[in-house]
Amino acid sequence: MGRYRMEDFEVDVSEDLGPLLFVKLRKTHLLLKDAWFCNHITVWVFQQSMEEKEVVFPCYRWVQGDGIICLPEATAWMMRNEVQGLFQKHGEEELEERRTLYRWATWKEGLPLSVAAASEKDLPLDVRFHEGKKIDFEGTLAAGMMDIALKRLYTLLSSWNSLEDFDQIFWGSKSALAKRVRQSWKEDDFFGYQFLNGVNPTLLRRSTSLPTRLVIPPELEGLQAQLERKLQEGCLFEADFSLLDGIQANVIQGERQHLAAPLVMLKMEPDGKLLPMAIQLQPPCSGSPDPPLFLPSDPSLTWLLAKAWVRNSDFQLHELQAHLLKTHLVAEVFAVATMRCLPGMHPIFKLLIPHLRYTLEINTRARTKLISDGGIFDQVVNTGGGGHLDVLRKATACLTYRSLCPPDDLADRGLLGIPSALYAHDALRLWDIISRYVQGTVHLYYSEDEVVQSDPEVQAWCQEITEIGLCGAQERGFPVSFQSRAELCHFVTMCIFTCTAQHSGINQGQLDWYAWVPNAPCTMRKPPPTTKDVTLEMVMATLPNVHQACLQMTIAWHLGRFQPDMVPLGHHKEEYFSGPGYKAVLKRFQEDLNTLEREIVARNEGLDLPYYYLQPSRIENSITI
């Protein structure tokens with residue numbers, strides 16, 4: 001058998017094997033690294049009625065060394081209390097071994113726990129990238145570094161003189177939407193649209209009162225009246241970046257960078273457009289003059305710079321809070337707790353494991369390359385140099401269970417029923433589809449609430465996530481136990497949605513919205529303006545320099561591009577379950593996804609700006625990038 005080849009093996013056994021409960025698998029170890037990946041073992045048993053019976057033993061693990069892998073039959077969990085405790089003993093031994101392989105670690109105080117691994121090489125082979133994924137990941141990263149060098153050589157610029165100078169690096173891999181961003185980024189409705197359907201649709205909320213931090217000067221009483229009227233009409237919205245207040249800005253190559261903590265007030269027009277009404281770049285500070293309020297009526301460069309500061313702040317909260325924390329780090333907690341608490345025969349393990357593929361490795365690589373000391377954040381982002389960790393700590397302290405569940409989160413933010421809120425619409429549809437899939441599967445194995453209550457493994461899994469992995473998150477609504485099938489289904493739906501749809505909605509847009517750097521600057525090199533006297537020289541001196549802009553474009557391409565080995569949601573090849581019941585549930589899941597796919601494609605055909613980040617065929621089945 002050749003390296004990286006796939007083959008099926010058939011073995012005929014003439015003797016009667018009796019009831020089949022386990023299969024033991026062992027490979028003769030040679031001198032070379034010759035691990036084999038086993039998908040599953042299927043045994044066809046000829047019964048007295050001359051009918052064939054299929055008995056499946058799922059594996060989906062690497063067989064290496066001289067160890068023996070013991071595989072329980074696919075329906076073992078249903079018989080765990082019936083066969084002399086053999087399955088229960090096997091599960092206990094399996095978890096005992098896994099707990100030595102998958103250990104918790106504190107990467108940084110105040111953040112969710114991570115897997116104990118100094119680098120990806122420390123991870124168990126079963127959760128590592130397969131060879132093709134590794135080659136693609138490392139190869140495209142190297143190609144990206146070459147792209148930076150070529151762009152620097154091509155531009156021959158040491159600094160920017162005009163916004164059009166950014167065109168000199170706006171070539172290479174970019175999407176149709178990225179080109180549209182280049183054309184429309186200065187427009188107010190385009191600026192507002194991004195809060196609804198851009199790369200970070202998680203911050204906007206409908207105003208229920210005027211924010212206390214909003215200071216309106218006496219001479220702007222007309223604006224005060226407008227805001228209050230829009231508030232009464234229910235069409236006043238806000239985006240508050242106060243999480244960035246007090247964060248120490250980065251120092252890059254000896255130069256201090258700068259941060260803001262903006263508040264944006266927006267109004268929803270009858271046609272669905274979301275337009276900015278006012279921008280306050282900093283909260284008021286006792287003993288200091290009130291911060292200026294920037295308006296659409298200001299000089300064009302003044303207003304453009306104010307919006308650029310908002311987009312820079314959105315870049316920070318998108319990457320750190322919405323992306324890193326609320327998808328990657330939370331999913332890692334799910335993954336480690338699953339490996340430590342749920343044996344392979346457990347139905348919740350089987351349900352979740354396809355949605356945890358590659359997550360531990362991509363997160364470990366992020367901790368060593370992206371957010372590490374001297375990593376990408378330190379090199380080009382104004383929250384780098386330690387500020388990014390403080391943002392993550394503040395975001396973790398306010399992470400709630402409701403914020404990870406779209407029906408609750410969108411209701412809390414007042415975003416239900418808005419026709420132009422495409423992320424909100426698609427997220428709710430996907431939540432319902434995933435929920436039906438989870439409920440259908442869970443009900444196959446849990447006949448009533450009491451079965452959930454008496455399952456020590458699933459209860460331990462829940463407790464490990466909330467109390468250990470999320471460091472005592474029960475005070476923020478996360479459960480420590482499940483009292484009903486409904487509670488279990490809701491939690492598992494949240495896990496799968498986070499690892500699939502939510503990550504897709506947050507990750508895919510990086511290539512579209514960040515490739516044109518002025519639309520989402522990764523850093524700001526001058527302080528926020530305190531007056532409305534803004535010149536082009538001030539704008540250009542504030543935006544990222546040539547090297548920073550090149551690196552932003554390259555990383556946006558690397559993280560936001562389509563993955564060659566991408567597995568679409570609901571179409572994983574692994575077959576952990578056996579029997580017609582689950583196959584019917586999975587088929588319904590795939591049909592529901594196909595229906596939504598057709599609806600989104602049809603809707604997008606009539607839109608000026610199509611929204612496709614939650615199109616099922618584009619949603620990865622796990623967090624792999």
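H323 is tucked away: its relative accessible area is 7%, so it is buried (under 20% relative accessible area; over 50% is exposed and anything in between partly exposed, using a 1.4 Å probe and protein chains only). This is a predicted model, in which local features need pLDDT of at least 70 and side-chain atom pairs count only at pLDDT 80 or more, while totals for chains, interfaces and linings use all residues. Residues are numbered from 1 along each chain as its sequence is written, and side-chain values use heavy atoms, with hydrogens and water left out.

H323 sits in helix α6 (residues 300-341); helices here are DSSP runs of H or I with at least four residues, strands are runs of E with at least two, and both are numbered from the N terminus. Setting aside residues up to four places away in sequence, H323 touches H318, H328, H503, I506, N507 and Q510, where contact means heavy atoms within 4.5 Å. An unreviewed UniProt entry lists H323, H328, H503 and I625 under "binding site". These positions are spread over 303 residues of sequence yet cluster in space, with a largest C-alpha distance of 11.1 Å. UniProt positions follow the numbering used here, feature names are shortened, and such annotations may be inferred rather than shown by experiment.

H503 belongs to helix α15 (residues 485-507) and, at 4% relative accessibility, is buried.

Turning to β11, six of its six residues are buried, so the strand is largely enclosed by the rest of the structure. Both faces are covered, with L263, M265 and K267 on one side and V264, L266 and M268 on the other. Strand β8 (residues 236-240) runs antiparallel to β11 and is joined to it by five bridges; pairing requires that DSSP finds at least two bridges between two strands. In this pair, A239 stands opposite V264. Strand β12 (residues 274-280) also pairs with β11 in the antiparallel sense, over six bridges, and here L266 faces P276. β11 and β12 make a hairpin with five residues between them, and G272 in the turn has a positive phi of about 95°.

K267 lies in β11 (residues 263-268). This lysine is buried yet has no salt bridge (a side-chain nitrogen of Lys or Arg within 4 Å of a carboxyl oxygen of Asp or Glu). The nearest side chain of opposite charge, E269, is 4.3 Å away; Lys and Arg count as positive and Asp and Glu as negative, with His and the chain ends not counted. Beyond four places in sequence, K267 is in contact with K230, C235, K273, L274, L275 and M277.
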